[in-house]
Amino acid sequence: MNTKLFLRYVPYVEFMPLAYAFLCVILSRTSGADDWEKHVKAPPNHAVLSDTLNGWYLVPIASKQVYDETVRRLESLQTEVESGHLKANDAKVELVELTSQLTVLRATLQASRVHIAGAEIHEQTETIEFEMGPEKRLVITANHVRVVGWEGKKVKVELKKTVLSTDKKPVKSVEDELKAIRIVHQLGRVEFPGQPDAQWDAQEAEFMAKEGANLSKEQLAERRVIVNEIRQSWAHHRDLLDKDIDHVYVAGLEFNNNKSITKSVKSEGGVARMNSIRQRYAEMTVYVPSCTSLCIRGARRGLQVENLIVSTLTIVDEDSTDSDERGRFDLKGLEGNLVCINFPLQTIKKVKGHVWVESTTEFGFQGAGTTYRDDLRDMTPSRQFQVDVDEVTQGVDLRYARVLLDLANIQGKINVKNEFGDTHLVVASSMAETTHRIVSLTGRIDVELSSAAWDSVNVLAVTNHGGVRTNIPREQFDDFHLTGPDKHDNVRRDWSGFHKVVADEDRMAVFDLLDRFAAILNDTARANGLDLITRNGFLVVVRK
Amino acid sequence: MMIEPDDRNRDPLPLHNAARQTELVAAIERARHRVASPEMVERLTASVLQLTHIDAHRSFSPRYLNTVWILGGAIAATIVLLFSYGFQQPKLPEVVQETTSSTSITKISLVSFNYSKIEGDLDLADTKAEEVSEGIELAAIRLEIRESLERFYYWSQ
């Protein structure tokens, strides 16, 4: 039977695809409704204040709206102060008023909040101890880690295991889930990406002996760049690859072993919330004696490092099978150097050593989201992720894409690149005689110098398209406007800012700054000083 | 500012008034804490010390002093002042020009000159202090707002 004949004998068959599509829509809607049928009921007219591991805190929606509106007024005040359109006294009056209102509103919300559990929590704890191998190198891989330096000779590991259940599971099933989470300790070679330097060198020598001779100088140069990039990307594992090291990790939290569950809550006249979360969690606390190196991998649900004595502490965002936007990531007390790569470390405090950070991924989440209004979709970025660096004895090398960076009490060289975020530096005492710099593309830079700090260093504050503000008199911090070659990009640009006046300096010396800008941006050799460049942000230098 | 610049009829040696001196010193102390420029404070202090020194001599009254000593001291002070202020010609108040004694003219002009110099410096110091204060205050308030925002954005569990 051909198609036309079939259509003639089976009436309405041409509408079958349409009917099928309609059925699919109905089924999908029904399925969605099923999910919401399982929701936990919250009191009416309530909104979610914050999430917890197994539920939410909810508050009356009207109070929450007033609170949010007052916070937005505080944000507007910040914008006005930063633009300099508001006088300090007026700002202070408004700040006092707003913070008073917010304190009262916050207390009201705290008092009226109710916790709604969307899942049941089951917990268990496991502990092991072991002596470190002769290399005294330890690697910890876990989602949630607390590391504490201690005087004990062994390494002690405590694991707090948590399992969530959204339906009444038999006790045995929950116990099996808890048992599946366990601590694993291994002493031996660990297969991390990358390879030891000796192996890299041997491979390179072999290549040059065989195929290298056939390549031109340019081809060899290009190849060298690529090889170096690959080599550097795994350089932080260099000291761990060809040695017997101690590795502690958590088994049972892998993606395929840790299924997702859904928790949902609904308030009549208020809001509804549905979250997909993992079923298993584990918080690992490790007590570590003084050692050669410690590498913490993963830890995206939380990380606390306290009073550690180790030559090098490395923190990397690798092999984390879960993350928590509400997690805290703090380092407070380290005798040794810190290397941190693409990890949301919020606090770096009391480091007797050097700090090196390269974190160019986005960690902020607060305020981010997509909103729909008429035919518009607004994708809003998060607020800047805050990072505090305080009390570092041997200088900092920090590279961030966009964080709200606070620096204070830094001894040694300050080298900061915060591409799109704001940086705030406070210098209370004289600065080391070296080449300090803070560089940004669109971020704001605020520097507060004591008189001792000002006297100890030459200061240069410059921008291409932003603004610059200072309270230091012109005879000491003269302004300049230059148009000239940008030796960083090989184009012409305008440069405006302030530079510290040096006694008996040739007035034409200001033109030498054009060379200095490129040296600052490239971080190459230049005369000592504190150099501040934001290409399109606002720059403030205040002497206190 | 307690010292009025255009009050020509007042006591040409106002620093006899101890309260006035105290206030002047207080102004300098205030400037010392608020003004960014240490040079400004030093200049103010030097001017006041110089004026106080002259004032101390003035307290003996010209009638009881040796004219030659006064003249010599005044000439020396003038030379010092001229060097200090780069031979800048001071603008003398009218009251000085009406004085008959040449010795008094020199002394009073010195005092008046310093007086107006201090006055100018204090005005400048106050202006600078205002600017410095605004800069520091704005920076402090900005930080305070930021800390408040951080406090009010987040909720502990």
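Reader: How many helices and how many strands are there in chain B?

Author: In this predicted model, chain B holds five helices and zero strands. Its pattern along the sequence is accordingly written α-α-α-α-α.

Reader: What share of the residues in chain B is called buried, and what makes a residue buried?

Author: A residue is buried if 20 or more other C-beta atoms lie within 10 Å of its own. Of the 157 residues in chain B, 27% are buried.

Reader: How do you know what confidence the predictor has in chain B?

Author: The pLDDT runs from 0 to 100, and its mean over chain B is 56. A value of 70 or more is reached by 18% of the residues of chain B. Among the elements of this chain, helix H3 (residues 67–84) of chain B has the highest mean pLDDT, 66, and helix H4 (residues 94–98) of chain B has the lowest, 39. Over residues 1–17 of chain B the pLDDT stays under 50, and the model has 27 contacts beyond four places in sequence for them. Residues 54–65 of chain B are also below 50, with 15 contacts beyond near neighbours in sequence. For the complex, the predictor gives an ipTM of 0.71 and a pTM of 0.73.

Reader: Which residues count as being in contact between the chains, and how many are there?

Author: Two residues are in contact if their C-beta atoms lie within 7 Å. By that rule, 22 residues of chain B are in contact with 28 residues of chain A. The side of chain B that touches chain A consists of eleven nonpolar, four polar and seven charged residues.

Reader: What span is expected of helix H3 (residues 61–83) of chain A, and what span does it have?

Author: The expected span is 1.5 Å times one less than the number of residues. H3(A) has 23 residues, for which 33 Å is expected, and its first and last C-alpha are 33 Å apart; the span is therefore close to the expected one. Buried residues in H3(A) are A:Lys64, A:Tyr67, A:Leu74, A:Leu77 and A:Val81. After the helix comes A:Gly84, with a positive phi near 80°.

Reader: What makes a set of residues a nonpolar core, and how many residues has the largest?

Author: Such a core joins buried nonpolar residues through C-beta atoms within 7 Å, and the largest has 102 residues. A:Ile140, A:Val145 and A:Ile296 are among those with the most contacts inside it. Strand S13 (residues 291–316) of chain A gives the most to this core, twelve residues.

How values were computed. Residues are numbered from 1 along each chain as its sequence is written. Chains are lettered from A and ligands numbered from 1 in the order in which they are written. This is a predicted model: local features need pLDDT of at least 70, side-chain atom pairs count only at pLDDT 80 or more; totals for chains, interfaces and linings use all residues. Ala, Val, Leu, Ile, Met, Phe, Trp, Tyr, Cys and Pro count as nonpolar, Asp, Glu, Lys and Arg as charged, and the others, Gly among them, as polar. Helices (H or I, at least four residues) and strands (E, at least two) are DSSP runs, numbered from the N terminus. A residue is buried if 20 or more other C-beta atoms lie within 10 Å of its own, exposed if 12 or fewer, and partly exposed in between; C-beta atoms are placed from the backbone.
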